[in-house]
Amino acid sequence: GIGCPGPLDSESGLVLAPPYLPRWDNFALAPALSDRFGVPVVLENDANAGALGEALHGGGRGAHTVFYMTISSGIGCGIVIDGRIHRGRAGLAGEVWAFYPGSFTGIETPNVNDIASGTGMVMQAKKRMARGEQTALPADGLDMRHILRAAAGGDPLAMAVVEDAKRTLAATISAAVHVLAPDMVVVGGGLAAQECGFVESIQERVAGMIGLAALAQTPIRRAELWDCAVLHGAVELGRALWKDRRIIE
């Protein structure tokens with residue numbers, strides 16, 4: 001079982017054009033490994049594999065429906081229903097990172113990933129710095145950790161960037177909760193791992209954005225497996241393939 005950044009074609013085991021693996025474009029990863037080791041191989045989007053890992057062995061244990069979001073350099077999401085990955089059309093179920101809020105609000109805004117991921121927060125901070133907003137953030141080598149530390153220290157520019165990210169993530173999760181009515185939302189990735197109240201703040205905001213009382217009580221938990229979530233999910237995918245047990249819908 002393999003969890004790999006997308007986009008990819010799980011049915012054929014083909015890695016298509018992953019932005020962080022530029023030399024892997026159109027690489028038939030699953031067939032190559034199957035030929036090499038003489039075993040069946042299943043390839044899955046890493047966010048889906050991470051969702052499965054957390055649902056079965058981490059923060060989503062015991063929940064029938066889990067919506068999983070990982071927030072780090074990018075944003076990935078997965079949906080697990082009764083222990084099965086829900087992939088949807090073209091395997092794109094849950095890919096909320098690509099959503100453009102401005103499509104509905106009429107306000108020109110970038111997509112969720114460009115506002116709320118680590119990379120997006122850095123991009124937004126640099127835009128504000130270019131407009132001349134005052135900040136103690138470094139002009140060179142800026143990363144997500146600088147922004148979080150500066151925000152905690154009261155830097156107005158960093159605070160505004162983090163506020164935009166939290167508000168966007170809360171709105172995105174609340175929309176997912178309205179549509180899916182999951183038993184559990186699990187948030188992982190580098191931003192969630194930070195002991196800075198990031199997830200707790202989002203949970204409070206989500207509860208205030210949901211109009212149905214029962215859904216407003218949906219638990220939002222920090223992940224438990226972190227970097228190992230994808231490994232756990234990949235193992236389960238491989239085990240299911242070996243036993244010819246379908247855990248992908």
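Let's start at S117: setting aside neighbours within four places in sequence, S117 is in contact with I71, S72, S73, G74, I75 and V112, where contact means heavy atoms within 4.5 Å.

Before I go on, a word on the model. This is a predicted model, in which local features need pLDDT of at least 70 and side-chain atom pairs count only at pLDDT 80 or more, while totals for chains, interfaces and linings use all residues. Residues are numbered from 1 along each chain as its sequence is written, and side-chain values use heavy atoms, with hydrogens and water left out.

Back to S117, then. You'll find S117 in the loop between α4 (112-116) and α5 (118-130); helices here are DSSP runs of H or I with at least four residues, strands are runs of E with at least two, and both are numbered from the N terminus. S117 is buried, with a relative accessible area of 0%. Buried means under 20%, exposed over 50%, and partly exposed in between, using a 1.4 Å probe and protein chains only. The side chain of S117 reaches the backbone nitrogen of G120 at 2.9 Å, and a polar atom of that side chain lies 3.3 Å from the backbone oxygen of S73.

On a 1 Å grid over the protein atoms alone, a pocket is an open set of points with protein on both sides within 12 Å along at least five of seven lines, a cavity is a set where a 1.4 Å probe fits but cannot get out, and lining residues have an atom within 4 Å of a point. The largest pocket has a volume of about 940 Å³, a volume being the space filled by probe spheres set on grid points joined across faces, edges and corners. By class, the lining has 17 nonpolar, 16 polar and 6 charged residues. For that count, Ala, Val, Leu, Ile, Met, Phe, Trp, Tyr, Cys and Pro are nonpolar, Asp, Glu, Lys and Arg are charged, and the others, Gly among them, are polar.

Now for the cavity. Lining the largest cavity are V177, Q203, V206, A207, I210, L215, A216, T218 and I220. Both α9 (198-209) and α10 (213-216) give two or more residues to that lining, with α9 giving the most, 3 residues. The lining of the largest cavity has 7 nonpolar, 2 polar and no charged residues.

Helix α9 also holds R205. R205 is partly exposed, with a relative accessible area of 24%. Not counting residues up to four places away in sequence, R205 touches E163, K166, R167 and A170. R205 and S174 are 31 residues apart in sequence and 8.8 Å apart in space, C-alpha to C-alpha.

Last stop, the packing. In soluble globular proteins, nonpolar side chains tend to be buried together. A nonpolar core here is a set of buried Ala, Val, Leu, Ile, Met, Phe, Trp, Tyr and Cys residues joined through side-chain atoms within 4.5 Å. Which members of the largest core touch the most others? They are M69, I147 and I173, out of 42 residues. Helix α7 (residues 156-180) supplies the largest share of this core, 10 residues. A second, separate core of 16 residues includes A51, A55, A63 and V186. As for I147, its contacts beyond four places in sequence are M121, V122, A125, L137, L142, A158, V161 and V162.

Thanks, everyone!

How values were computed: Polar contact = N/O pair within 3.5 Å; in protein donor to acceptor, adjacent residues only side chain to side chain.
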